[in-house]
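Here is a walk through a protein model, written for someone who would rather look at the atoms than at a table. Keep the viewer open and turn the model as you read.

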Amino acid sequence: MAMEKRLQKELQALVNDPPVGIKVDADQIGQNLSEWLVNVDGAPGSIYNGEKFQLQFKFGSRYPFESPQVVFVGPNIPVHPHVYSNGHICLSILTDDWSPALSVQSVCLSVVSMLSSCKEKKRPPDNAIYVKTCSKNPKKTRWWYHGKQCYHSEYKTSLLGMSSMGINT
Amino acid sequence: MATAADSQDGEEATPSPNSSENGTFECNICLDTARDAVVSMCGHLFCWPCLHQWLETRPTRQVCPVCKAGISKEKVVPLYGRGSTNQQDPRDKVPPRPAGQRSEPENNTNFPGFGFGGDGGLHFSFGIGAFPFTFFASTLNLNDGRPQPPSAGTPQYAEEQFLSKVFLWVAVLFIFWLLIA
Ligand SMILES: [Zn+2]
Ligand SMILES: [Zn+2]
C-alpha cells in the first residue's frame, strides 16, 4: 500500500536523522502507522522556549494525496492566536495548501515556525465559540487564511463554505 | 558517470543504499526511486503514476507539489534511462482521464451573461487573503461542440434569457453580500 510504504520511509528518516526539537517515538507508533505522536519543542529564542508540545497525526488511506489530520494533544496546548484550546491549528498547509511533497517533518517544522513568529501568547478571539461548536476533525472546518486572523466555518452548515464568515470578527 | 557503476575501483562504485545522493532520483511524492519517471518544466521529478494521481486529486488547480508552479499532463517530460527496455511514454500507460467526468447539462442552456468565453472554458475564482476559493466549482464550458443556442424570438430563447438573468442576479447578490459581510 502506497500510504504505508511512504509513512515507513518518513518514520525511518525521522528516527535516523531527526531535526532539532522534533522527536518521534517509533515504538509507540508500532504497527499502526496511521496514527503518530510527535514531540515538538518550543524553539529557543521564541516565547515558547523550553515548552514541550505533542502533535497528533492521523493519516487517511489517501495520504500523501490528502493532508493528515494534525492537532496538538496532551497537557500543554500552546497559547497562540492560531491554536485553539482543543488543539486545532489554523495553518493553510494542513488543508488548502497541502501538497504531497510535504511530510510529517515539514509539517512539524512549519508548526514550530508558526509558533516562533508569535510575539504574544493569546488564544484566537473566537476560541470559546469554536471549541464548543467545531467538529472533532479539524479538516472539517472551513478555515479562512486571512492575514493574521483565522476565520472558520463548518462545511456542513455553510453554503459554498461562507455562511459564518464575519461572526468572529 | 555512466561507467561509475561498472568500475570496481572507483570511489563511488559502492554507494550505500541510503546515501543522500540517491535522493536526487527519488519521486517527490512516494519518496521511492521514480518509476516511469517524468520531470516537470520546473525540474521536479515524479513517478508518472504518482503525479497523475495528484493531478486527478485537484483537477481545477494543477500545481507542482514541490514549487507550486503550474503543471499539466502535457507539460511534463518522460525520462528514459539507458538500456530501459520499455521506451513507451509512461503517460500513455496510466489510463487517460475519463472523458466523461464532467456531465453535460440537461438542456443546451447558454449563459449570455457570461458569454465572453469563446470555445474555451470559463473558470471563476477569487480569493480572500491567502486562500483562493472556487466560485461555482465546476468549469463552465461554453459552445464546445454542443448545439447552437436557439435563435431569438422562440419561446425557448426567451426562457433562456430569463434563466441567465436570474443566474446573473444571484451572482451579483452573492458578490455584494461578500463585500458587506
Ligand atoms: Zn512516486
Ligand atoms: Zn516544481
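In strand β1 of chain B, B:Ala37 and B:Val39 point one way while B:Val38 and B:Ser40 point the other way, and all of these are buried. Buried here stands for under 20% relative accessible area, exposed for over 50%, and partly exposed for what lies in between (1.4 Å probe, protein chains only). Strands are DSSP runs of E with at least two residues, helices are runs of H or I with at least four residues, and both are numbered from the N terminus.

A word on what you are viewing: this is a predicted model, in which local features need pLDDT of at least 70 and side-chain atom pairs count only at pLDDT 80 or more, whereas totals for chains, interfaces and linings use all residues. Residues are numbered from 1 along each chain as its sequence is written, chains are lettered from A and ligands numbered from 1 in the order in which they are written, and side-chain values use heavy atoms, with hydrogens and water left out.

Now follow β1(B) to its partners. Strand β1 (residues 37-40) is joined to β2(B) by 3 bridges, and the two run antiparallel; two strands count as paired if DSSP finds at least two bridges between them. Across this pairing, B:Val38 stands opposite B:Phe46, and B:Val39 has B:Leu45 as its bridge partner. The hairpin of β1(B) and β2(B) has 4 residues between the strands, and B:Gly43 takes a positive phi near 90° there. Towards β3(B), β1(B) again makes 3 antiparallel bridges, with B:Pro78 as the bridge partner of B:Val38.

Together these strands form an open sheet of 3 strands in the order β2-β1-β3, with antiparallel pairing. Its edge strands are β2 (45-47) and β3 of chain B, each of which pairs on one side only. Neighbouring strands of the sheet are turned by 35° against each other on average, direction ignored. Helix α1 (residues 48-57) packs on this sheet and touches β1, β2 and β3 of chain B, its direction making about 90° with that of β2(B).

Which residues of α1(B) are buried? They are B:Trp48, B:Cys50, B:Leu51, B:His52, B:Trp54 and B:Leu55, and their cover includes β1, β2 and β3 of chain B. One of them, B:Leu55, is in contact with B:Ser72, which also touches B:Gln62, leaving aside neighbours within four places in sequence. B:Ser72 sits in the loop between α1 and β3 of chain B and is buried because its relative accessible area is 15%.

Next, look at the metal sites. The zinc ion (ligand 1) has B:Cys27 (SG), B:Cys30 (SG), B:Cys47 (SG) and B:Cys50 (SG) as protein donors, lying 2.2 to 2.4 Å from it. Donors are N, O and S atoms within 2.8 Å of the metal (3.2 Å for Na, K and Ca), and since water is not among the atoms, sites may look incomplete. Why is the arrangement around ligand 1 tetrahedral? Because its 4 donor atoms subtend angles of 106 to 114°, and four donors count as tetrahedral if all angles lie between 85 and 135 degrees. The pair B:Cys30, in the segment before β1, and B:Cys47, in strand β2, links distant parts of chain B, 17 residues apart. B:Cys30 and B:Cys47 are both buried.

The zinc ion (ligand 2) is coordinated at 2.0 to 2.3 Å by B:Cys42 (SG), B:His44 (ND1), B:Cys64 (SG) and B:Cys67 (SG). Here the 4 donor atoms subtend angles of 100 to 119°, so the arrangement is tetrahedral. B:Cys42 lies in the loop between β1 and β2 of chain B, and B:Cys67, 25 residues apart from it, in the loop between α1 and β3. B:Cys42 is partly exposed at 30% relative accessible area, and B:Cys67 is partly exposed at 35%.

Finally, step back to the chain. Chain B has 2 helices and 7 strands, which run β-β-α-β-β-β-β-β-α from the N terminus on. Of its 181 residues, 28% count as buried.

How values were computed
Axes are lines fitted to C-alpha atoms, for helices over the stretch in contact, and angles run from 0 to 180 degrees between N-to-C directions. Contact means heavy atoms within 4.5 Å. Four donors count as tetrahedral if all angles lie between 85 and 135 degrees; four count as square planar and six as octahedral if opposite donors are over 155 degrees apart and all others between 65 and 115; anything else is irregular.
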